[in-house]
Amino acid sequence: MNGESAALQKHRLAFHGNAGTLFGIRTVNLLLTMVTLGVYSFWGKTRIRSYMLSQTEFEGDRFAYHGTGKELFKGWTKAFCVFILPLALLTGIVYVISGNNEEIANAVVSVAGGIATLFVYPLILVGSLRYRLSRTSWRGIRFSFRGQVRDLVKIFVKGSLLSMITLGLYYPYFQTQMYAFKVSNAYFGSKKFEFDGDGRDLFKPFLLSLLLFFPTFGMYGFWYEAKKQAYFSSRTSFSTAKFSSTMTGWDLAKHVSGSVLILIFTLGMGLPWIIMRKMRLLSNHASLDGELALTDIVQDAQKVSAFSEGFESIVDIDGGLDL
Amino acid sequence: MLHYKNDWPAFYFDGQTPQRQKVKIRLYTSSLVIVKDDGSQIKWDYGSIRQTQGFYAGETIRLERGEDITEALVIEEPDFLSALRSVAPGISQKIDSPSLRKLRPSLMFVSGIGVIVFVAIVYLGFIPAFTSWAAYRVPAKWEKGLGEKIVSDLVPDSKKCEDKKVRNTVNRIRDALVKNLPQSPYEFKVMVVQDPLVNAFALPGGIILVYAGLMEQTKTPEELAGVLAHEVQHIERRHTTKRILQHSSMRFLLAAATGKAESLAQLGFDAAYLLGAMRYSRAQEQEADILGLKLLSKSGFPPRAYISFLKSMQKEDDSLPSYFKYLLTHPRISERVRKLEEIVSLYPAETQTKVNSGAEWKKLKKACHAVK
């Protein structure tokens, strides 16, 4: 095979999952979670992640998930004792000290909460990415995430404050830096993913989406989102292959509006079908283009606990992997 | 003896590199042997193996060994699992049985029924019983604090009607009703709000807000007495406190059921939750209607006064489509009137408690005219 045709190779994900099977797993999970007042949810979540990954195939081999419900439960318990209980106690103390000055107490709690979020959110995000990637493998080789919390705190604090000060104009730069952090610290075995994008390339499209927001009743947001995905993908590479996304704003608009309608009219029970729609969208529009050079990759698994993952369950933040 | 195939084709991953090695698997009674293309062999004892994929039809089978360095075998032939179970019966507990897969739809169906039964027991049985028990154990002082907080948020001082004649009349009606509730832990206060809203609210702890719009809608003071009797019963029966406890219990149930609430699924659950919460609310309105009528009569007011007030509000309510029945927090007025008509004949019709004459009331009810 010559170099030119290798560059044109498109490698896509194939998803073999079935909405009915996922619905069955979720129904059993629901019953067990209810009768155990939520305790089973950790095992249930693990089952779903395991199913979703095992149904996702790349180049003839399926992904595998190695996490356990027990790890998630332990992580959650630790996070609850280390963060939530002290936080609740501190909040109570603030209100008791403030006596009848409820406005002062509310202000103190809000400001303290805001500051804490700026630092805790990066902690949760990094911990969650580290845990989930370390428990995911393909062809026996584990993924890993090696980003440091302190680096993300800098990006997050700077990005949040500048976005506020510039009334949102800095946001595309912030989004790009967050994405860069996630991708360029992700590894498959010993090899890392690369990203060479720059926020300034998204500034004009973002500005256009702001200007067109009200005239299009917010619908132009889908076109910006699709453009952003395409840009991020095109600047992400692994070894000699580059990612690409052919999803358009119209594809995304159809997907999201259809999903929302299905969920509302099925009172939430239609979620498995939504997930299948999403996986189909991904496998139809996302690809890794070029030659896959796997021969120089070796196992380089990282030891990670589920502590931050447990905290993520409490505060309901998605680590960005949507599994 | 079951006939089985030896030399099962498979792919082997050594856990060190992503290389896919084509191998053959030979099954023995206590172990399997992996035979590579170059003839070298690796033995896996069954005690060290776990199955991690291949639980669903069409899915490749995956066996793994090891923790830090995990080796894996991927087998595409679906008969492999049955063969493995027959060669090594001791491994049955660790290996999926394809013949039991056909039970999965039944398991899903039973789980689904289980969920419905569990939710029905909790929603129809446990939550009402728990909230009834708990509501009467919430100190009246806490309820009063909550009610006062709601008033300070809802009613600015400029909108509180200070007209002396109105306050005296309204307080006389209140006293006539409340003297028939000697066991009540609440100190009832009626506040007239200068707002065109045609409504009245019972707040926890004893405060009743009556809006000027509603006062102007009444034809006689006895009709207002009917409305106040209804609101007093909401407070006496701790409906708002029960509603807060019901809503918290339902939210807890939904949070426990969903674990981490996916934000999109939450849309669907919110819809279910709202529909469920409305059912509780309608039952409370009915209870307040019936007990309010009883209190009205006991206090010497003609019970038909309340029915005539409801009828005056009926026209607007009737214009709503019938499917709104499920969306309203109160039953349709026509339904409320019908239910009250069934029991009104049990109560004496005469007026024993006189408040104002019709002409006096016509003037008085406009004294707290709605301020925009």
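This is a predicted model: local features need pLDDT of at least 70, side-chain atom pairs count only at pLDDT 80 or more; totals for chains, interfaces and linings use all residues.
Two strands count as paired when DSSP finds at least two bridges between them.

β5(A) and β6(A) run antiparallel and are joined by two bridges. Within this pairing, W138(A) stands opposite I141(A) in β6(A). The loop between β5 (136-138) and β6 (141-145) of chain A holds R139(A). This arginine has a positive phi of about 55 degrees although it is not a glycine. Most residues other than glycine have a negative phi. Is R139(A) buried or exposed? R139(A) is buried, because its relative accessible area of 12% falls under the 20% limit.

In chain A, 11 strands form an open sheet in the order β1-β11-β10-β9-β8-β7-β6-β5-β4-β3-β2, with antiparallel pairing. At the edges stand β1 (10-11) and β2 (13-15) of chain A; each has a single partner strand, so one side of each is left without a neighbour in the sheet.

Strand β9 (residues 236-238) and strand β10 (residues 241-245) of chain A pair in the antiparallel sense over two bridges. Here F238(A) has A241(A) in β10(A) as its bridge partner. The hairpin of β9(A) and β10(A) has two residues between the strands, and S239(A) in this hairpin takes a positive phi near 60 degrees. On to the next pairing: β10(A) and strand β11 (residues 286-289) of chain A are antiparallel and share four bridges. In this pairing, S244(A) stands opposite S287(A) in β11(A).

Chain A has helices to visit too. G249(A) is found in helix α10 of chain A, and at 2% relative accessibility this glycine counts as buried. Which residues does G249(A) contact, leaving aside its neighbours within four places in sequence? They are F222(A), W223(A) and A226(A). In the loop between α10 (249-265) and α11 (271-285) of chain A lies L267(A). Phi of L267(A) is near 50 degrees, a positive value in a residue other than glycine. L267(A) is partly exposed, with a relative accessible area of 34%.

Five of the five residues of strand β7 (residues 71-75) of chain B are buried, so β7(B) is largely enclosed by the rest of the structure. In a regular strand the side chains alternate between the two faces of the sheet. For β7(B), both faces are covered: E71(B), L73(B) and I75(B) are buried on one side, and A72(B) and V74(B) on the other. Strand β1 (residues 8-13) of chain B runs antiparallel to β7(B) and is joined to it by three bridges, with F11(B) opposite V74(B). β6(B) is also antiparallel to β7(B), through five bridges, and R65(B) stands opposite E71(B). The hairpin of β6(B) and β7(B) has five residues between the strands, and there G66(B) takes a positive phi near 95 degrees.

Next comes a spot where residues of both chains come together. E59(B) lies in the loop between β5 (49-53) and β6 (61-65) of chain B. E59(B) is buried yet has no salt bridge; the nearest side chain of opposite charge, R62(A), is 4.6 Å away. What does the side chain of E59(B) meet through a polar contact of 3.2 Å? The partner is the side chain of Q55(A). A polar atom of the E59(B) side chain also lies 3.1 Å from the backbone nitrogen of G54(B).

In soluble globular proteins, nonpolar side chains tend to be buried together. The largest nonpolar core has 42 residues, of which I173(B), L177(B), V210(B), L224(B), L228(B) and F301(B) touch the most other members. Helix α6 (residues 221-236) of chain B gives the largest share of this core, seven residues. Apart from this core lies another, of 39 residues, among them F143(A), V183(A), F206(A) and Y231(A).

Definitions and conventions: Residues are numbered from 1 along each chain as its sequence is written. Chains are lettered from A and ligands numbered from 1 in the order in which they are written. Side-chain values use heavy atoms; hydrogens and water are left out. Buried means under 20% relative accessible area, exposed over 50%, partly exposed in between (1.4 Å probe, protein chains only). A nonpolar core is a set of buried Ala, Val, Leu, Ile, Met, Phe, Trp, Tyr and Cys residues joined through side-chain atoms within 4.5 Å. Lys and Arg count as positive and Asp and Glu as negative; His and the chain ends are not counted. A salt bridge is a side-chain nitrogen of Lys or Arg within 4 Å of a carboxyl oxygen of Asp or Glu. A polar contact is a pair of N or O atoms within 3.5 Å; within protein, one must be able to donate a hydrogen and the other to accept it, and residues adjacent in sequence count only if both atoms are side-chain atoms. Contact means heavy atoms within 4.5 Å.
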